[in-house]
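Here's a quick tour of one model, from the ligand's surroundings to a helix and a pair of strands. Have the viewer open while you read.

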Amino acid sequence: MVVKRWVVDPYAYPEVYRFFSAAVFLGRRRRCYRSMLDVAGVRPGHAVLDLGCGPGILTALAGEVCGPGGHAVGVDTSPAMVRHAASQAGANCRFVVAAAEEYQAPAGSVDAVVSCLAYYDFPSAHRPEILKRAFTTLRPGGKVLIVELRPNLGYLGRGPGAVGLAANNISTVAMALADAGFGEVEVIRFGPLVHGVVGSKPVFRGG
Ligand SMILES: C[S@@+](CC[C@H](N)C(=O)[O-])C[C@H]1O[C@@H](n2cnc3c(N)ncnc32)[C@H](O)[C@@H]1O
């Protein structure tokens with residue numbers, strides 16, 4: 001007997017993804033994303049890199065916060081997501097179809113690297129490399145913020161697009177950030193279903 005397995009790419013439908021993402025944030029997505037940008041230290045004039053940007057909601061908001069003197073770049077492997085993101089965001093936002101493990105902005109060119117609900121989608125073997133690239137990309141004092149679903153979410157943790165997230169472990173991400181060279185690593189809760197870990201690139205002072 002031939003068993004046919006239908007595989008649907010959940011990231012091929014950005015509008016559908018947006019709908020489910022609103023549910024994950026319990027209708028407070030914009031407020032949660034705004035507080036993520038606060039935690040990541042994003043200010044007017046800054047440059048922000050969003051890894052696994054999906055439909056670009058966080059990237060677009062980063063663009064608003066950075067204002068005309070700053071900019072935000074969203075990186076995602078899904079062309080459909082990138083097309084959608086580019087159609088929704090402001091003029092100071094740019095989107096690139098690329099893998100987070102391959103994309104490298106110039107060293108020291110970015111004030112904040114953010115990644116929301118994407119880290120556990122990145123290939124596990126490449127996650128340390130992605131954090132090291134983030135470290136190189138950031139200016140001294142710049143921050144990285146990795147946001148994920150909290151574990152033990154039952155159905156939500158197993159739902160479409162959440163493959164791999166059910167078993168996520170934020171302390172593993174915290175250790176990986178420390179291994180990549182980040183300091184002041186701290187776990188932050190953004191709501192009942194979502195938490196993240198923030199770290200800073202140390203500023204070395206001579207003397
Ligand atoms: C759950 S979505 C999160 C989207 C968005 N960050 C948000 O807050 O809604 C995960 C995204 O990661 C992207 N992705 C998966 N593997 C990736 C990789 N290696 N590099 C860049 N993006 C990747 C997927 O295409 C998808 O758009």
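For sorting residues, Ala, Val, Leu, Ile, Met, Phe, Trp, Tyr, Cys and Pro count as nonpolar, Asp, Glu, Lys and Arg as charged, and the others, Gly among them, as polar. This is a predicted model, where local features need pLDDT of at least 70, side-chain atom pairs count only at pLDDT 80 or more, and totals for chains, interfaces and linings use all residues. Numbering starts from 1 along each chain as its sequence is written.

**Around the ligand**

The ligand is surrounded by 21 residues, each with its backbone-placed C-beta atom within 6 Å of it. Gly-52, Gly-54, Ser-78, Ala-100 and Cys-116 are the closest. Two elements, helix 3 (57-66) and strand 2 (71-76), each give two or more residues to this shell. Here's how the shell divides:

| Class | Residues in the shell |
|---|---|
| Nonpolar | 12 |
| Polar | 6 |
| Charged | 3 |

Call a residue buried if 20 or more other C-beta atoms lie within 10 Å of its own, exposed if 12 or fewer, and partly exposed in between. In helix 7 (residues 170-179), the buried ones are Ile-170, Val-173, Ala-176 and Leu-177. They span an arc of only 115° around the axis, so they sit on the same side of helix 7. Ser-171 and Asp-179 are exposed, on the face turned away from that buried side. Just after helix 7, Gly-181 has a positive phi of about 110°.

**Strands 6 and 7**

Strand 6 (residues 183-189) has 0 of its 7 residues buried, so it lies largely in the open. Strand 6 runs antiparallel to strand 7 (residues 194-200), with 5 bridges joining them, and a hairpin of 4 residues connects the two. Glu-186 stands opposite Val-198 in strand 7.

Methods:
Two strands pair if DSSP finds at least two bridges between them. The arc is that of the directions from the helix axis to the C-beta atoms.
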